[in-house]
Amino acid sequence: MIDGKKVLFSGMQATGNLTLGNYLGALKNWLTLSDEYECFYSVVDEHSITVRQDPAELRRRARNLLTLYIAAGLDPKKNCIYYQSHVSAHAELAWILNCYTYMGELNRMTQFKDKAAKHADNINAGLFTYPVLMAADILLYQADVVPVGIDQMQHLELTRNLAERFNNIYGNVFTVPEAYIGKVGAKIASLQDPSKKMSKSDENVNGSIYLMDDPDTIMRKCKRAVTDCEAHICYRDEQPGLKNLINIYSACTGKTPEETVLEFEGRGYGEFKIAVGEAVISVLKPLQDEFARLSKDKAYIDSIIKENAEKANYYANKTLRKVQKKVGFPERIR
């Protein structure tokens, strides 16, 4: 708890370009949480280097992501928006937690198996211990809740196990986090393969709408989205491509899927795809304009980076010092 509020932690990797799915499924819903929670939103650039990165490109993407957080409406005075790499306690706590994590637990992580298969030429130790750094991210801020998707639930369970294991040995050191159960963000699938989620790493660029896509590109991608041959607009699992477009339209307009189906009853797929494109453009244009404005204000973004890093370091080091004392490290002379 901080100032009577429960703590919420979340973060995104500074790799690839954020998609419409990232915005509608997560970022948009973060905007309403700061009134209820003390929120820490990290640009998790340390996680990013489990895969080889171009240094200049990583720095550029990290700054763009932090700026996008603010452009999307996150108030940096009410939310702590910071770079993971600017808080050394993340790496320090991760090492300590590594020593309380069992090999069998990490061997069971399905994301490691998936990523190892994709990057067979670079199966490094960081890729293997990635979930321990994620646990450190969460436990440093004594997070009560963590918004996670299905693909991250296994990592959150490991975090809970590590917190409980450490607490059983040393007393009440860590808050044991819960999965955040709130308003469910829109589940947005690939425009080209609706069996998969819309992804930053999709090899088919037509499968994802990126937040910085221009209107012509957005419209082209929507028109090319896969549907089916039934030519009848309805919301059902048997028509996954169409269902995905309905989800996108509904999320962008604030309408329910049922209202969307009624609106387009008797109209063709071509007309509906154009309407989806227009709805997406209307949502992304203000965000793109604000991102462009903020990107030009280097002094302002630099001040946010500095102030929020100081805040994150303050709370992270409170936890880290407690952990260091518990495990027996010598006290630092200040």
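**A strand residue and the salt bridges**

Mentor: In this predicted model, S42 belongs to strand 2, which covers residues 37-43. S42 has a relative accessible area of 0%, so it counts as buried, the cut-off being under 20%. Leaving aside residues up to four places away in sequence, S42 is in contact with F9, S10, G11 and M12, and also with Y69, Y82, Y83 and Q84.

Now the charged side chains. The whole structure contains 21 salt bridges. One of them joins R160 to E157, with the closest N and O atoms 3.9 Å apart. Both residues sit in helix 8 (residues 153-170), and because they are three residues apart, about one helical turn separates them. R160 also forms a salt bridge with E164, where the closest N and O atoms are 4.0 Å apart. E164 and R160 are four residues apart in helix 8, so here too the separation is about one helical turn.

The accessibilities of these residues are as follows. R160 is buried at 17%, while E157 is partly exposed at 39% and E164 is partly exposed at 35%. E157, R160 and E164 belong to a network of salt bridges that also includes E178.

Another salt bridge pairs D237 with K243, at 2.4 Å from N to O. D237 is exposed, with a relative accessibility of 58%, whereas K243 is partly exposed at 21%.

Conventions:
Residues are numbered from 1 along each chain as its sequence is written. This is a predicted model: local features need pLDDT of at least 70, side-chain atom pairs count only at pLDDT 80 or more; totals for chains, interfaces and linings use all residues. Side-chain values use heavy atoms; hydrogens and water are left out. Helices (H or I, at least four residues) and strands (E, at least two) are DSSP runs, numbered from the N terminus. Buried means under 20% relative accessible area, exposed over 50%, partly exposed in between (1.4 Å probe, protein chains only). Contact means heavy atoms within 4.5 Å.
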